[in-house]
Amino acid sequence: MIENNELTMNMESRLSFDEFRKEVLNDYRLACESREVSLLARKEVLTGKAKFGIFGDGKEVAQIAMAKYFQPGDFRSGYYRDQTFAFASGIATPEQFFSQMYADPDQENDPFSGGRQMNSHFATPNIGKDGNWLDLTKIKNTATDMSPTAAQMPRALGLAFASKLFREVDVLQSFSHLSHNGNEVCFATIGDASTSEGHFWETMNAAGVLQVPLAVFVWDDGYGISVPRKYQTTKDSISAALEGFRKTEDSNGFDIYNVKGWDYAGMCEVFEAGIRKIRETHIPALFHVEEMTQPQGHSTSGSHERYKSKERLTWEKEFDCNNQMKQWLLQNALADEATLLAIETAARTVAQEARKNAWEKYITPIRQQVQTMLTYGQGVAALPDANKELVKNLLQELQSNREPLRRDILRTAANILLHHKKIKAPAVDALKRYYDGLLEKEKENYNSLLYAEGANSVHSVPVVPAVYNDESITLNGYEILNRYFDQLIGSNPKVFAFGEDVGKIGDVNQGFAGLQQKHGKQRIFDTGIRELTIMGQGIGMALRGLRPIAEIQYLDYLIYGLQPLSDDVACLQYRTKGIQYCPVIVRTRGHRLEGIWHSGSPMTMILGTLRGMNVCVPRNMVQAAGMYNTLLAANEPALMIESLNGYRLKERLPQNLSSFTVPLGIPEVLHEGTDITVVSYGSTLRIIEEAMGTLEQLGISVELIDVQTLLPFDIGHKIIESLKKTNRILFVDEDVPGGATAYMYQQVMEQQGGYRWLDVAPRTLSAQAHRPAYGSDGDYFSKPNVEDVVRIITEMIEE
């Protein structure tokens, strides 16, 4: 145990003893308040007021110690047990915690997600509604939480890597609102069992290679739900397992610290020195916080008494961090029993008041809606032809519900309207208007902001057509991209490009050829073969105000990096209810050519998992450049899929290459026709264009439409205008059957009402259900070919 005078000098020599005593008692108060919040929150779930809960009890003291060194400008990429850290750092209050537990959709009450995420999923804003970045150096920042275990790790790498760039790249020095000379540390937290995930290992390896200011705190309470640590981790210790990664004088790697989760003084001492070193040197560190407890078990879904021994439960009670801190305060004469009892009593009151206030703010507007519903319902019941008994029973059921939900009100209204739809009366009309208004309001509460709006949206970017003149030269597609990226890197200091083989050789298709030599290794650089953390680097950089172009070498390999794109980027706007933005651009290439893992078009996977991202499928490299310009003028994430077989096709070079824009979600009619509308994108368009030569000889006129982007898709319903003219439609792509063809079919036939204009059944033409076989014949028999297109279109014309 560290003596009073020694501890005082270690923590802050200029503090007087009274100030020090005040600080540690305040820390104990925070620990007690957070514990009481956990205890009360569990009861709220068990009584049905909240659906589910997962809490930070047992981790309070460690998180308070960590929060002491979390400064404005720093970022957190955390774990859903970090409630105490959020309270201690001022990111959240207990009342906001309860509001999130109740799923309160009012963003004034739950500012992190507007009721869309469960408890302890925190977020801080990074961009204003005006499209301008906030001063992140004045904010204690947190990237919004995710529930998938270890999902926070890849982006933590990127958040820390951004500090390295801000410190080392001269052109970034002017962005003082985004960084203070790269002094910011990313605090990542993770449960010990989750260190078994590949996300953790890939991140730690990359951090050791890159040497970035990443502080990883492992909360080790001995279990992963019911599974003991010895079945999770080699050597029964993550710090022991990682010993080979420890940094030495002549190697890279990271520092490793071991502390006890109940040792307040020891943790303060180690964290203070460790974080200071990270901040100054950018050497990452792992803090293995051992001997933690979990007093209420994993979550509200079960009891830890079922899998922990009596001896373990006894030990946990004795070494509970709050209890140990209390004993330390008493032993060091920093407080007496009466003082600590008063703190504990006050903490219960704080938690109870927070719960009460949050519940009242949540339930009051619902109860007001119930009263309004009762009034409208009674109006219907008073009608001569009303089903009085049914209305009475429905209203009585709603009125007797002590804890009604919004859905209960809507269900009641819908049921009454269903049974009275033949009655024409003002009372029924009034109920219908009230029902429609509530439904619209709740759509705003629960179904809005999947994409950015206003100044941050891609749809707010002015359309600037490409300009050509008699002097416009013709180049290969890759050469056009190369000239574009050259101009982009030279003019926009926030843009960085990186990925496998992107740097020295300029990517496998030469889009960046020679540009690292011209613009430097810090702007265009190679990475290891680690798609997951390439995505993480891009995500973290984008969250901090940079504009990364993170490359996945081939579209097939997107699967390796898909999880953070789906669980983090794609749903970020939605789950933070529009307060946090991540405008990362993921560049890749795909479609036809060389076999099973280099010619994929897994659009079904992409469309199903990346709603919330823009998915661009340019047919050529000029179109790709215009889409890049559009994206970089907005604050939305995107996946750019360039056509593998388009890099050596000849294209004219626009005069305004760096400034023209291609609007997203607006299809382009490539060839006008009168007999049939064919809808496709990317490489497949060239197959269709070749088939059109034969079809023209047969007297068949094809209107060919390039959708250009799959997300968003034809926002102006341009395709339906073509269908009105031709009355026949074929959707073609090279995804599996029922994939992107089915998606486009549904959008046009159902969403746009295209079925009204059909003379024959609509058709789809896709690739085969299997992966594409290798070689030219493999391509021919695996994916749509010219003869397939001719055959299906002639069949449709003959019907």
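A polar contact is a pair of N or O atoms within 3.5 Å. This report applies that idea, and several others, to a predicted model of a protein chain.

## The chain as a whole

The protein chain contains 27 helices and 22 strands. Its radius of gyration is 30 Å, close to the 28 Å that the globule rule gives for 799 residues, so the chain is as compact as a globular protein of that length. Along its principal axes, the C-alpha trace spans about 100 × 90 × 45 Å.

Of the 799 residues in the protein chain, 60% are buried. The accessible surface of the chain comes to about 31,500 Å², and carbon and sulfur atoms account for 51% of that surface. Sequence separation can also be examined: among contacts between residues at least 6 apart in sequence, 79% join residues at least 24 apart.

Asp714 is placed in the loop between β20 (709-711) and α24 (718-726). Which side chain of opposite charge is nearest to Asp714? It is that of Lys718, at 7.8 Å. A salt bridge requires a side-chain nitrogen of Lys or Arg within 4 Å of a carboxyl oxygen of Asp or Glu. Asp714 is buried yet has no salt bridge.

The side chain of Asp714 does, however, have a polar atom 3.0 Å from the backbone nitrogen of His717. When neighbours within four places in sequence are left aside, Asp714 is in contact with Gly665, Pro667, Ile719 and Gln752.

The loop between β20 and α24 also holds Pro712. A cis peptide bond joins Leu711 to Pro712, with omega about 0 degrees.

## Salt bridges

A search of the whole structure finds 43 salt bridges. The table presents three of these pairs.

| Lys361 | Glu95 | 2.6 Å |

The closest N and O atoms of Lys361 and Glu95 are 2.6 Å apart in their salt bridge. This pair links distant parts of the chain, with Lys361 in helix α12 (residues 337-381) and Glu95 in helix α5 (residues 94-101), 266 residues apart. Lys361 is partly exposed, with a relative accessible area of 42%.

Are Arg544 and Glu184 buried or exposed? Both residues are buried.

Arg229 counts as partly exposed at 22% relative accessibility, and Asp236 is partly exposed with a relative accessible area of 33%. Elsewhere, salt bridges that share partners join Asp507, Glu551, Arg587, Arg589 and Glu642 into one network.

## Buried and exposed positions

Thr741 is located in helix α25 (residues 740-751). A residue counts as buried when its relative accessible area is under 20%. Thr741 has a relative accessible area of 1%, so it is buried. Not counting residues up to four places away in sequence, Thr741 touches Phe731, Val732, Asp733, Thr764, Leu765 and Ser766.

Gly778 is found in helix α26 (residues 775-782) and counts as buried at 8% relative accessibility. The C-alpha atoms of Gly778 and Glu734 are separated by 13 Å, while the residues are 44 apart along the chain.

Lys129 lies in the loop between α5 and β2 (141-142). With a relative accessible area of 72%, Lys129 is exposed. Lys129 and Ala452 are 323 residues apart in sequence, and their C-alpha atoms are 9.3 Å apart in space. Leaving aside neighbours within four places in sequence, Lys129 is in contact with Ala455 and Asn456.

## Positive phi angles

His282 has a positive phi of about 65 degrees although it is not a glycine. His282 lies in the loop between α9 (264-281) and β8 (285-290) and is buried, with a relative accessible area of 4%.

Ala333 is also a residue other than glycine with a positive phi, near 55 degrees. Ala333 is found in the loop between α11 (321-331) and α12. With a relative accessible area of 62%, Ala333 is exposed.

Note on methods. Residues numbered from 1 in each chain as written. Predicted model: local features only at pLDDT ≥ 70, side-chain atom pairs only at ≥ 80, totals over all residues. Heavy atoms only, no water. Helix = DSSP H or I, 4+ residues; strand = E, 2+ residues; numbered from the N terminus. Buried < 20%, exposed > 50% of the residue type's maximum accessible area, 1.4 Å probe, protein only. Lys, Arg positive; Asp, Glu negative; His and termini not counted. Polar contact = N/O pair within 3.5 Å; in protein donor to acceptor, adjacent residues only side chain to side chain. Contact = heavy atoms within 4.5 Å. Rg over C-alpha atoms; globule rule 2.2 N^0.38 Å. Areas by Shrake-Rupley, 256 points an atom, 1.4 Å probe, with all protein chains shown as cover.
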